[in-house]
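The sequence and structure come first.

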Amino acid sequence: MRSDEDIMTAVANGKLEALAELYRRYRQPLYGFLLKRTNKPAAAEDLLQTTFERVIKYRASYKGNSFKGWLYTIARNALHDRQRLDGRLPLKNGLDLGQLPHTTPSAETDWEDRETRGQSQRALAALPANYREVVDLAWKRGLKYAEIAEVLGITETNVKVRMHRATKQLQINYAKINRL
């Protein structure tokens, strides 16, 4: 299987049909990333299309670095452009941790799973937006710190600092939630 970077290099060199493979690989995760920020399926789908249109438009600017980081940077910029036009803030509150599979389905474990997800979502929602964004990109989207730095336009050290502070704040947030 060819790497994302090899495929994108081929696209940059004019083999646009190779982009179909990258679209298949990244359609769902990128859609989820955009949906989480827009909270509107139609807007997320539009932004997904805009992102891949920009990939084609700016393919010559791809320099062989992390394709995933480059793609998420384009998606984030498309999102911010759309939100500036709409006059909205750049990020929505909260993160969805997704559905966790049940190992032993029962009413008790189902209630515990929902309670845990609810606590996690409340703890994450209480984080400052810049910490939530780093946590989302790392934990949910699976980007490496260097890729997150590229997406956000900050240093990798700054990403590590934000992640460290977010983790500490999450511990505090969980403790507050559990006392309620």
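The text below goes from the whole chain to single residues.

## Basis

This is a predicted model, in which local features need pLDDT of at least 70 and side-chain atom pairs count only at pLDDT 80 or more, while totals for chains, interfaces and linings use all residues. Residues are numbered from 1 along each chain as its sequence is written, and side-chain values use heavy atoms, with hydrogens and water left out.

## Chain and core

The protein chain has 8 helices and 0 strands, and its elements run α-α-α-α-α-α-α-α from the N terminus. Helices (H or I, at least four residues) and strands (E, at least two) are DSSP runs, numbered from the N terminus. Of the 180 residues in the chain, 39% are buried. Buried stands for under 20% relative accessible area, exposed for over 50%, and partly exposed for values in between, with a 1.4 Å probe and protein chains only. Among contacts in the chain with a separation of 6 or more, 62% join residues 24 or more positions apart; a contact means heavy atoms within 4.5 Å.

The largest nonpolar core holds 43 residues, and those touching the most other members are Met8, Leu30, Leu34, Phe67, Leu137 and Ile148. At least two residues of this core come from each of α1 (4–12), α2 (19–38), α3 (41–57), α4 (67–86), α5 (107–125), α6 (129–140), α7 and α8 (156–179). The most is given by α4, with 8 residues. A nonpolar core is here a set of buried Ala, Val, Leu, Ile, Met, Phe, Trp, Tyr and Cys residues joined through side-chain atoms within 4.5 Å.

Leu137 is in contact with Phe33, Tyr72, Gly142, Leu143, Ile148, Val151 and Leu152, leaving aside its neighbours within four places in sequence.

## Helix α1

The buried residues of α1 are Asp4, Ile7, Met8, Ala10 and Val11. Seen down the helix axis, these buried residues fall within an arc of 155°, so they line one face of α1. The arc is that of the directions from the helix axis to the C-beta atoms. An α-helix has 3.6 residues a turn, so residues three or four places apart point the same way. The buried residues of α1 pack against α2, α3 and α4.

In α7, Glu147, Ile148, Ala149, Val151 and Leu152 are buried, and their cover includes α4, α6 and α8.

The axes of α7 and α8 come within 8 Å and cross at roughly 105°. This makes α7 roughly perpendicular to α8. Axes are lines fitted to C-alpha atoms, for helices over the stretch in contact, and angles run from 0 to 180 degrees between N-to-C directions; 65 to 115 degrees counts as roughly perpendicular. On the α7 side the contact is made by Tyr145, Ala146, Ile148, Ala149 and Leu152, and on the α8 side by Glu156, Val159, Lys160, Arg162 and Met163. The residues of this contact divide into 7 nonpolar, no polar and 3 charged. For this count Ala, Val, Leu, Ile, Met, Phe, Trp, Tyr, Cys and Pro are nonpolar, Asp, Glu, Lys and Arg are charged, and the others, Gly among them, are polar.

Tyr145 is found in helix α7 (residues 145–152). Leaving aside its neighbours within four places in sequence, Tyr145 is in contact with Ala138, Glu156, Val159, Lys160 and Met163. Glu133, by comparison, lies in helix α6.

## Selected residues

| Residue | Relative accessible area | Class |
|---|---|---|
| Glu133 | 6% | buried |
| Tyr145 | 30% | partly exposed |
| Gly14 | 45% | partly exposed |
| Asn39 | 57% | exposed |

Some C-alpha distances link positions apart in sequence. Tyr145 and Glu156 are 11 residues apart in sequence and 5.9 Å apart in space. Glu133 and Met163, 30 residues apart in sequence, are 9.6 Å apart. For Gly14 and Ala60, 46 residues apart along the chain, the separation is 9.0 Å.

Gly14 lies in the loop between α1 and α2 and takes a positive phi of about 105° just after α1. Most residues other than glycine have a negative phi. Asn39 is not a glycine, yet has a positive phi of about 65°; its place is in the loop between α2 and α3.

Methods: Angles under 35 degrees count as roughly parallel, over 145 as roughly antiparallel, 65 to 115 as roughly perpendicular and the rest as oblique.
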